[in-house]
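Subject: Structure handover

Hello,

Here is the structure I promised to pass on. Please open it alongside this note, which goes through what was found.

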Amino acid sequence: MLDLQRLRALHAVSVHGTVGAAASALGYTSSAVSQQIAKLERETRTVLLEREGRGVRLTDEAHQLVRVARELIAIVERAETELEERRGVPSGRLTVAAFASAARGLMPPVLADLARRHPSLDTRLTEVDPHLSVDLVAKGAVDLVVAHDWDIAPLPAPANVEQTVIGDDLCDLLVPEDHRFAGRTGVRREELAGERWICQPPGRVCHEWLVRTLRAAGQEPEIVHMADENPTLVALVAAGLGIALIPRLGRGPLPAGVVEVPLDPMPVRRLYALWRTGAARRPAIAETVRTLVEHWPAVSAHGPR
């Protein structure tokens, strides 16, 4: 008989692309995932993974098993949902994927609150970029996603995924204290021509928003420094190396040498919780979404700065 845990391991490799990434998502070691798949290969007398450069490639037989695994995982999920719904108490394991600043600024108090009020609920967090996380929840790799979009870059949601709004995160223009915009009560987008920008790398939502917004205003942004994490971007601004547009969530206090200036109109990104339609009745999902929305006003920093 096929072992569900081994099928989960193969499914995770299919979703995440590598054995290492699958292991991180499952909470295992890479060797443990490799062993699970090796046992599955012996049981099925089939080669499932082939070496391809530094990674692996799923064989045709593996893709067929992944389709079966996805169906079985969905069946198990429905059964677990029905049992949890009958008990009426959030319980079991709940895997959550959140983008970096939500993982830092929103999730810690939410997870602590859930652990305190629901000791039978085992919530596990992983940090994932929004563009990737929506696909992960759709494929069943995680149970719940906290993602965001911008006004000009809507978040795509597959047909089998439901969502609810958590709240809006405001973004400010950060400039060095001796910059020409420092001390201003507002800056129009048309005034940004000729500035040196610090932002996240291409492929990240914030980068795409900046490029598309400035191009819409007839400007080609000069991006001089790129970094993944907002604290690094803020440090580069503090060093006088350029300006940056940084969301408030998870940003923390600004260091000396950095001034916050409102951009007019102020950019907003909207946060969502997303989950599979099949798990919509699960008390753990409902309670986690409710807790996310409940904690949002305390962490969103919408008030005067």
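Helices (H or I, at least four residues) and strands (E, at least two) are DSSP runs, numbered from the N terminus. By that rule, the chain has 10 helices and 13 strands.

Before the details, some ground rules. This is a predicted model, in which local features need pLDDT of at least 70 and side-chain atom pairs count only at pLDDT 80 or more, while totals for chains, interfaces and linings use all residues. Residues are numbered from 1 along each chain as its sequence is written, and side-chain values use heavy atoms, with hydrogens and water left out.

**The chain as a whole**

The C-alpha atoms fill a box of roughly 70 × 50 × 30 Å along the principal axes. Of the 305 residues, 46% count as buried. Buried means under 20% relative accessible area, exposed means over 50%, and partly exposed lies in between (1.4 Å probe, protein chains only). The chain exposes about 14,800 Å². Carbon and sulfur atoms supply 52% of that area. The areas come from the Shrake-Rupley method with a 1.4 Å probe; for residues, only the protein chains shown count as cover.

Contact means heavy atoms within 4.5 Å. Take the contacts between residues at least 6 apart in sequence: 75% of them join residues at least 24 apart.

On charge, Lys and Arg count as positive and Asp and Glu as negative, with His and the chain ends not counted. Each charge is placed at NZ of Lys, CZ of Arg, CG of Asp or CD of Glu. There are 36 positive and 39 negative charges, and their mean positions are 4 Å apart.

**Pocket and cavities**

Both terms rest on a 1 Å grid over the protein atoms alone. A cavity is a set of points where a 1.4 Å probe fits but cannot get out. A pocket is an open set with protein on both sides within 12 Å along at least five of seven lines. Lining residues have an atom within 4 Å of a point. Grid points are joined across faces, edges and corners, and a volume is the space filled by probe spheres set on the points.

The largest pocket holds about 910 Å³ of space. Its lining has 40 residues, and Arg8, Thr95, Gly140, Ala141 and Asp143 lie nearest its centre. Helices H1 (4-16), H2 (19-26) and H4 (60-87) and strands E3 (92-98) and E4 (121-127) each give two or more residues to this lining. H4 gives the largest share, 10 residues.

There are three cavities of 30 Å³ or more. Helices H5 (100-105) and H8 (205-216) each give two or more residues to the lining. The largest share, three residues, comes from H5.

H7 spans residues 130-138, and its buried residues are Pro130, Ser133, Val134, Leu136, Val137 and Ala138. Their cover includes H1, E3 and the strands E5 (144-150), E6 (161-176) and E13 (268-276). Ser133 counts as buried because its relative accessibility is 0%. Beyond its neighbours within four places in sequence, Ser133 is in contact with Ala97, Val128, Val145 and Ala147. Gly140 follows H7 and has a positive phi, near 85 degrees.

His11 lies in H1. It is buried, because its relative accessible area is 3%. Neighbours within four places aside, His11 is in contact with Val66, Ala69, Arg70, Ile73, Lys139, Gly140 and Ala141.

**Other spots to look at**

Leu2 sits in the segment before H1. With a relative accessible area of 42%, Leu2 is partly exposed. Not counting residues up to four places away, Leu2 touches Leu7, Leu40, Thr44 and Leu65. Leu2 and Ala235 are 233 residues apart in sequence and 52 Å apart in space, C-alpha to C-alpha.

Most residues other than glycine have a negative phi, and most peptide bonds are trans. Two places depart from that pattern. Arg45, in the loop between helix H3 (30-44) and strand E1 (49-52), has a positive phi near 55 degrees. Arg45 counts as exposed, at 80% relative accessibility. Asp264 and Pro265 are joined by a cis peptide bond, with omega about 0 degrees. Pro265 lies in the loop between strand E12 (263-264) and E13.

Best wishes
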